[in-house]
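Let's go through a few labels and check what stands behind each one.

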Amino acid sequence: MSTSLLILILFCLSTIAYQLGRTRAFSLTRMAGDRGRQVLHSRPVYYGMLTALWCGLPALFVFVAWQICEPWIITKLLVAHLPPEIQALPENRLNLVLNDIKNLASGNIVSGVIRPEMEAAANNYRNLQATANAALAVAVISLAIIGTFYARQRITPFLRARNHVEKVLTFFFIACSTFAIFTTIGIVLSVLFEAIRFFRVIPITEFLFGLEWSPQMAIRADQVGSSGAFGAIPVFAGTAMISGIAMLVAVPLGLMSAIYLSEYANKKFRAVAKPLLEILAGIPTVVYGFFAALTVAPFIRELGITVGLDVSSESALAAGLVMGIMIIPFVSSLSDDVINAVPQAMRDGALALGATKSETIKQVVLPAALPGIVGGVLLAVSRAIGETMIVVMAAGLAANLTANPLQAVTTVTVQIVTLLVGDQEFNSPKTLAAFALGLVLFVATLILNIIALYVVRKYREQYE
Amino acid sequence: MSNPNTEGPSETQIENSRAIDIVNMGLARRYSREQRFKLYGLIAVIISLSFLALLFFTIISNGHQAFFQTYLQLEVFFNPDFIDINNPANSNFPGLVKQTLSNEFPAVTGRREKKELYGLVSTGAAFQLQKLIRQQPDLVGKTVKIWVPTDDDVDMLMKGHIARDVPESDRRLSDKQLAWLDKWTLDAKIAKKFNRAFFTSGDSREPELAGILGALVGSILTLTLTLLLSFPTGVAAAVYLEEFAPRNRWVDLIEVNINNLAAVPSIVFGLLGLAVFINFFHLPRSAPIVGGLVLTLMTLPVIIIASRASLQSVPPSIREAALGVGASKMQMVLHHVLPLAMPGMLTGTIIGIARALGETAPLLMIGMVAFIVDIPTGFTAPATALPVQIFLWADSPERAFVERTSAAIIVLLVLLVVINSLAVILRNRFERRW
């Protein structure tokens, strides 16, 4: 029986259980006569829900637990039935054999010759799976039915059904709210573990301070270019340069747009221009990447040639410029919020002293809004550092340590993508390096975010 | 200062007049500075918006042609020699196409010439004939006029992307091929028609056969899962944090975490998906189920933050009234607060889903970047997503893929506009201002 069918059956059973519980509650009120409704502790719906929960939850729990343990248990049983000489194989060879058996059972292509004992094992595997599935179905359905009848038996006028149901619901709410913590832990653990494995091979100092990045790992020792270098400084420098260019584009344009829209523009212009600017933030980054690679990079290259400069076709300038465009609405909407939060009384005070509007803005509003703007800019920087698609499509792959924005540089995110896309083995420092870079990226953006959120929150409190 | 009665007033008068003079002298400069500052602001807005215009212009001017495709009309005689009616899959349909092309130009005899002639028609033509015979086996032995797709080079020539006046060696099409094409054009056998393949087929190495349906289905599967998982979880988490949670360090920790996750780079979520879902739980690679889980983790913070804002905007009087007539706290939330906050929550969810639709980087990490021709059939079948397809096509060298990439982007942007306007409509119609 397929799992989705089982879930469907379980759902139907719960619906039936709900009806059973509800009718039971109603029949209790009827037995109590006219004052029936006051006899029950909770409304009949809650008795129905409680029965449904009793029907569904234990069964679902068993179902999930089985789904998690099943591969492990079945593999153990399978190994126990294999001939002793296969059982005696070392673990990795045994795993190969097991893989072959599983492939054989599901009718896939098998590596090597099919031996009769493998055939038998595959049959055994198929049987085991069929038995397991049947057993699971029987267990789940009978548990659901037992749960239903147990709950139905328990229904008395004194049963505090509502409290029980609410307790379950509250528990569900709490479980949902802890997702953020689990995700963070998951990110930290997954990145950290692989990174630590990487740092066992490559010393952390070499990674953080090395000046050469060429993530190759030799298959043979005498191979050409066998010496991989994992010094990440060129990668960090490239990230810094592209983000820097992006901020040079985004901060002036975004800030000036925000000032104009919130202080000068009339209502009509603002109503049109602001949503249009926000569209820039809604465009997927892959579109920006395509735009950068197709239009901006060749344009800058042509421009460089006419001026007589040698511009790489994957120049940092093109990637940074387009990334800056992407970040404009980010800076402008955050600055807009902050500028609007500056109390009108401060503006009025400055204007009353005879300052022009621009002087008011430059000398009163901006200094007052500065912490918030800085927080916004920091968030934008963290965004720029973590941005992937634009740089993957428009920036280079080779790590050059250069300060020339017309040359190709690479970034942390580009390296992560190139190292991890495609087939990979999980023991080579080459793939593990991606996780080390991911760790650096996560830590850097985390620090920026924490500072930015702190600054913004502190600032908001000041004027509220 | 020693004698303020005699000299004082006159001095202040002088100083006053000086001050006002200084102010007046500076006024013109200050006003022009004011004008300049205002102009800078306007220029910033105009530059930003012109970038937007340029982006749309580039995409649309490149992409609109991909919705039409060059087709060639062939008079195909379904020669029984080529077709095994019982086994269409094994029949020599490519041979049939070649035979038909040779009949068009009987003078072509040389091996190289023939190859050039055959190269004008897409390899998809043979599949098209095969499909036709499967549907209508009685066509065998008859002659039928059929429109088949041309090769992408021919398509590019017809759309003006291949220059005719350059030397033959610099051109993707030879002089002879051009001559044949001109003859067909004169006979009105070449025409541009609506490109149905673009919307009905999966990926292909041949630009003229490549379509977005596979990627679109992959995206829909992934986002369905994202929506199903993230909406209930996000709403439940928001309700707990906003309505039930005590103010303590644990809850503070959760809040800080949510705010941080909202700003973590998306590629880090991809790393999480790779390490946890694929390497630890051994879920299948390239599958929408993993994509859906990763995107769920990514969109949840957005949904929770929006839902909390929406819950906060429900006035306390509603809560007090519900509690006042004897509702339990849970009843108060579920029966009164939640329905009122629902439009705002839905809007936040839709915006989160729209963001997930455009997300590419985490999907690259979990292997949804493979070349997949089949239309995905389920949550565990290998699939790509629309933005990933755009990324893959953008990398392809053929000129014809440039316009296909742009066309796929147009489709993606249209979807985003539809989804976002749904959110706006929802907000305008149902959201209440208290």
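Q: Is B:Arg404 buried or exposed, and how do you know?
A: B:Arg404 has a relative accessible area of 0%, so it is buried; buried means under 20%, exposed over 50% and partly exposed in between, with a 1.4 Å probe and protein chains only. A quick note on the numbers: this is a predicted model, where local features need pLDDT of at least 70 and side-chain atom pairs count only at pLDDT 80 or more, while totals for chains, interfaces and linings use all residues. Residues are numbered from 1 along each chain as its sequence is written, chains are lettered from A and ligands numbered from 1 in the order in which they are written, and side-chain values use heavy atoms, with hydrogens and water left out.

Q: Where does B:Arg404 lie, and which residues does B:Arg404 touch?
A: It's in helix α16 (residues 399–430) of chain B; helices are DSSP runs of H or I, at least four residues, strands are E runs of at least two, and both are numbered from the N terminus. Leaving out residues up to four places away in sequence, B:Arg404 touches B:Asp155, B:Glu208 and B:Trp393, among others. Contact here means heavy atoms within 4.5 Å.

Q: What makes B:His282 count as exposed?
A: Its relative accessibility is 63%, so B:His282 gets the exposed label. You'll find B:His282 in the loop between α10 (266–280) and α11 (288–312) of chain B, with a positive phi near 55°.

Q: What about B:Ala188: buried or exposed?
A: B:Ala188 comes in at 53%, so exposed again. Phi of B:Ala188 is positive too, near 60°, and B:Ala188 sits in the loop between α6 (175–186) and β3 (190–194) of chain B. For context, most residues other than glycine have a negative phi.

Q: Why is α11(A) called oblique to α13(A)?
A: Helix α11 (residues 267–282) and helix α13 (residues 316–341) of chain A pack at about 130°, with axes 7 Å apart. That makes the pair oblique, because under 35 degrees is roughly parallel, over 145 roughly antiparallel, 65 to 115 roughly perpendicular and the rest oblique. The crossing is left-handed.

Q: Which residues have the most contacts inside the largest nonpolar core?
A: They are A:Phe198, A:Trp213, A:Tyr288, A:Ile416 and B:Val239, in a core of 177 residues. To qualify, a core must be a set of buried Ala, Val, Leu, Ile, Met, Phe, Trp, Tyr and Cys residues joined through side-chain atoms within 4.5 Å.

Key:
Axes fitted to C-alpha atoms, helices over the stretch in contact; angles between N-to-C directions. Left-handed = near helix turned anticlockwise from the far one by under 90°.
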